[in-house]
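Please read the following report alongside the sequence and the model. It is arranged by topic, from the whole chain to single side chains.

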Amino acid sequence: MNYITLNNGTKMPLEGFGVFQIPDPIECEQVVYNAIKTGYRLLDTAAAYMNEEALGKAVARAITDGIVTRDELFITTKVWVQDQKNEETAYEAIKTSLAKLNLPYVDLVLLHQPMGDYFAAYRGITKAYKEGLTKAIGVANFYPAILANFCENVEVIPAVNQVELHPFFAQENALETMKEYGVVPQAWGPLAEGKHGIFTNPEIKAIGDKYGKSNAQVVLRWNAQRGVSIIPKSVKVERMEQNIDIWDFELTEEEMAAVAAKDLGHSEIVNHDDPQFVKALNSMKIHK
């Protein structure tokens with residue numbers, strides 16, 4: 001596994017495991033446990049995923065079984081829009097997440113969306129950072145102009161910005177803005193959620209055939225070589241093993257460019273510029 005150093009000196013695995021859309025607690029616990037056994041050390045959850053407790057149980061089980069120590073893991077959670085009202089609600093949301101995870105600290109806390117009073121909410125997670133409740137703080141879904149304005153006005157520059165990044169939405173301009181401010185890009189949906197025929201694309205397959213790798217492995221390696229942290233998800237152990245097996249080959253500049261040429265210049269998964277989408281996320285409640 002390769003690591004990347006965040007802007008506060010914290011080391012983060014370049015590849016991790018995400019648990020979005022695994023709400024069933026029994027399934028999620030087993031899936032996370034399997035991921036840890038497979039070798040994943042970065043585990044990404046969120047309050048809105050409704051599975052922090054399951055992830056925490058899997059972590060405790062893996063530690064008890066001697067598979068891993070807490071220090072070897074990098075655990076991320078996120079504060080939901082509902083709790084981005086002010087500094088106190090965000091701060092309390094972190095304490096709630098820690099209670100559900102049954103952990104004294106996490107390694108990274110992100111604001112989940114640039115919605116609500118996210119400047120005030122960021123002050124809340126900054127407070128948690130200063131108190132040692134998290135080793136690093138960051139944001140998610142902050143697109144270039146929003147991120148630039150944010151970084152120009154906060155006390156602690158975000159360590160990570162988790163956004164949609166894959167060959168069909170490469171976001172090179174977003175990567176440039178993050179690089180300017182020293183923010184590490186992290187990809188949600190690094191496999192484009194299976195869209196665009198990503199697993200069967202003939203050009204990507206031709207590259208993979210050269211190295212004995214699948215389309216998924218080529219795409220994940222492409223992002224990693226761009227300095228992007230990736231958090232693929234699968235409930236199947238064989239896919240977990242395949243997704244993490246990307247560190248024994250390297251794409252050439254020509255191959256990197258060929259994958260990047262798939263870029264459509266826009267997302268076909270979500271549209272953060274759609275007022276109805278923004279209203280929907282603001283209306284989504286994860287607690288009373």
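## Basis

This is a predicted model, in which local features need pLDDT of at least 70 and side-chain atom pairs count only at pLDDT 80 or more, while totals for chains, interfaces and linings use all residues. Residues are numbered from 1 along each chain as its sequence is written, and side-chain values use heavy atoms, with hydrogens and water left out.

## Overall fold

The chain contains 11 helices and 10 strands, taken as DSSP runs numbered from the N terminus (helices are H or I, at least four residues; strands are E, at least two).

Of the 288 residues, 56% count as buried, where buried means under 20% relative accessible area, exposed over 50% and partly exposed in between, with a 1.4 Å probe and protein chains only.

## Helix α8

Helix α8 (residues 215-225) is largely enclosed by the rest of the structure, because 10 of its 11 residues are buried. Among these buried residues are R221, W222 and N223, and the elements that cover the buried part of α8 include β9 (184-188), α7 (202-211) and α10 (253-260), with cover judged by contact, that is, heavy atoms within 4.5 Å.

## Salt bridges

The structure holds 11 salt bridges, each defined by a side-chain nitrogen of Lys or Arg within 4 Å of a carboxyl oxygen of Asp or Glu. In one of them, K213 pairs with D248, with the closest N and O atoms 2.9 Å apart. This pair links the loop between α7 and α8, which holds K213, to the loop between α9 and α10, which holds D248, 35 residues apart. Salt bridges with shared partners also join K213, D245 and D248 into one network. K213 counts as buried at 11% relative accessibility, whereas D248 counts as exposed at 55%.

## A buried glutamate

E52 belongs to helix α2 (residues 52-64), and although E52 is buried, this residue has no salt bridge, the nearest side chain of opposite charge being K100 at 4.7 Å. Lys and Arg count here as positive and Asp and Glu as negative, without His or the chain ends.

The side chain of E52 does make a polar contact of 2.6 Å with that of T77; such a contact is a pair of N or O atoms within 3.5 Å, and within protein one must be able to donate a hydrogen and the other to accept it, residues adjacent in sequence counting only if both atoms are side-chain atoms.
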